[in-house]
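Q: I would like to go through this structure with you. May I start with one of the side chains and then move on to other topics?
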2 protein chains.
Amino acid sequence: MKKIMNDPKNIVSEMLEGLSILNKDLLYHPEFEVVSRVKTGKKKVGIVSGGGSGHEPAHAGYVGLGLLDAAVAGNVFASPDPMRILKGIKEADNGAGVLLVIKNYSGDIMNFDMAKDLAELEGIKVESVVVKDDVAVEDSEYSDGRRGIAGTIFVHKVAGAMAERGASLDEVKRVAQKAIKNIRSMGVSMSSCTLPAASKENFTLEVGKMEIGMGIHGEKGIVKDLLKTSKDIATILLEKIMNDLDYYDSEIALMINGLGATPLMELYVLNNDVRKILLSKNIVVKNNMVGNFMTALDMTGCSITLFKLDTELEDLLNEKCKSLALNI
Amino acid sequence: MKKIMNDPKNIVSEMLEGLSILNKDLLYHPEFEVVSRVKTGKKKVGIVSGGGSGHEPAHAGYVGLGLLDAAVAGNVFASPDPMRILKGIKEADNGAGVLLVIKNYSGDIMNFDMAKDLAELEGIKVESVVVKDDVAVEDSEYSDGRRGIAGTIFVHKVAGAMAERGASLDEVKRVAQKAIKNIRSMGVSMSSCTLPAASKENFTLEVGKMEIGMGIHGEKGIVKDLLKTSKDIATILLEKIMNDLDYYDSEIALMINGLGATPLMELYVLNNDVRKILLSKNIVVKNNMVGNFMTALDMTGCSITLFKLDTELEDLLNEKCKSLALNI
């Protein structure tokens, strides 16, 4: 294992300190592993997301104007405890309530729910939405029901833009839920990943093999297969996504996401193949993002996310945002 | 080798097609592997950069407002031929002359110089600057003198902003040269990289070892050493950089660059260590970027770039720009 790090015990705090120093609009709360926006005094709904670390730039990289008000980090691949999340809620609270955007993992569901209860006891109005965009498997090692993966970033964007407009908590929750209903993702991995405190890979993916539908913590996918071409990967992932939700003849946002160790060159090649397939199916891409948005440590591979748009969702996607990982 | 690709022979064109479709302000010229800005009709100096592919998002990811007007791609790790570069110059020409930003590799120097001559025969005024920011080695396998690496992005930014202001070709060249004088970089690699058409790594870096000062094509560095902590890597690279140029008591821009397969988590940890060392030396960081800006296919590792600022350079760095890889 070759990682740029010091003591693996401190990797999350050193990472968040090294991230938050990049931008004077960010505050790092070390005792809670929370990164929040410097308060502007504007009364608006606060948006909070978070989860285990190892998915950078998620989620601290999305704290900023038109996106998250606070991100709560757990240890690597481990859900943050409720006291950390409570701190995130408090930092995001601007007097208009707080929306939690939770990826569907059992630990996150439990801890975010507990934090919601604690915050409500302190008089903060809190609502939550759960992202379950990964169509690969119905249940998994860490989730009841589908997992939440890269499509979560679109939920950040839509909810964050709605909150920035000054909409009510109910309205912000409504658009987040509409987005979740319209988003599907699936990924493929060419390698395992290595936890900072471990001396070797989590598991091994054999030479010349890939695993279709693997989760962002290395959870089981659908099948191990021979490594395919980019065109074949695009075909396999899109077929499963489009069998789950009817995207034909619709307008969409498309995200090609790298899992951390896959070079941009390869993601652009995949984007090219995905775009050609979508064109052949009369699906119009109005918004297209390619990059490392929701990673899995040093895993190689990618995911594809399709997000069906209407006028409201498209407008929210196009609104200004400013963060380390996303600037529009 | 596990890459997301189709036929390696077509990887550059498929990559550029998949990249340029992301943004309606970009034009892809497939017969030349050039990506250019859609012409706006504004008379301004054109900025052109380029070189071998495999360094994504460099250089096509930097085409846009306040940055490059055209990027010219060679095959993987191979300089683009003069006819491609000539096409880039023509696409970048808005009637006020064109500045070429060349990384110091022998093939690039030769081909960009030939293209400059060809363009001048067609009546386009062309100037060039050569970036040699890598302090690791004095000469290398592919360069006479120091290599040009990630610091090149700062030159794009400064020259692009000056051109966007409507400055003359002489003025744009002047600030590019001032930037080059003030920029130093150095990197460390934990792995080799694999060319798309090859079946195995370019060479092997042993388990538990890193190579200090390796080039972005895997060229030899200074020494192979045991893998160090992030703090030690920061210390080693900064010492060599700061021995070369006096940054003490100055204001700088700092770039922590990933080589393609190193997760953001690790780059943020390194940034944290670098910032602490700079603080201890009374060096004020006015601008700090962390990400994958100039990569080496799927190499793991990083580089550090320091850029000494004065008021003019800082203003140019902070000016608005819009591209796939950099938005300010």
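Q: Is A:F307 buried or exposed?
A: In this predicted model, A:F307 has 0% relative accessibility and therefore counts as buried.
Q: And A:F154, what does its relative accessibility make it?
A: A:F154 counts as buried because its relative accessibility is 1%, under the 20% cut-off.
Q: How many aromatic pairs are there over all chains?
A: The rule gives 2 aromatic pairs over all chains. A:F154 and A:F307 form a tilted one, with 5.2 Å centre to centre and 40 degrees between the planes.
Q: Which parts does that pair tie together?
A: A:F154 belongs to helix α4 of chain A and A:F307 to strand β12 of chain A, so the pair joins parts 153 residues apart in sequence.
Q: What about B:F154 and B:F307?
A: Their ring centres are 5.2 Å apart and their planes stand at 45 degrees, so this pair is tilted. Both B:F154 and B:F307 are buried.
Q: Changing topic: how many residues are in contact between chain A and chain B?
A: On chain A 53 residues are in contact with 53 residues of chain B. The area buried between chain A and chain B is about 4500 Å², with carbon and sulfur atoms giving 63% of it.
Q: Which residues of chain A lose the most area?
A: A:K2, A:I4 and A:M265 do, together accounting for 21% of what that side buries.
Q: How many salt bridges cross the interface?
A: The rule finds 4 salt bridges between chain A and chain B. One of them pairs A:E17 with B:K276, whose closest N and O atoms are 2.6 Å apart.

Key
Residues are numbered from 1 along each chain as its sequence is written. Chains are lettered from A and ligands numbered from 1 in the order in which they are written. This is a predicted model: local features need pLDDT of at least 70, side-chain atom pairs count only at pLDDT 80 or more; totals for chains, interfaces and linings use all residues. Side-chain values use heavy atoms; hydrogens and water are left out. Contact means heavy atoms within 4.5 Å. Buried area is the accessible area (1.4 Å probe) that two parts lose on being put together, summed over both. A salt bridge is a side-chain nitrogen of Lys or Arg within 4 Å of a carboxyl oxygen of Asp or Glu. Rings of Phe, Tyr and Trp (its six-membered ring) pair if their centres lie within 6.5 Å; planes under 30 degrees apart count as stacked, over 60 as edge-to-face and the rest as tilted. Helices (H or I, at least four residues) and strands (E, at least two) are DSSP runs, numbered from the N terminus. Buried means under 20% relative accessible area, exposed over 50%, partly exposed in between (1.4 Å probe, protein chains only).
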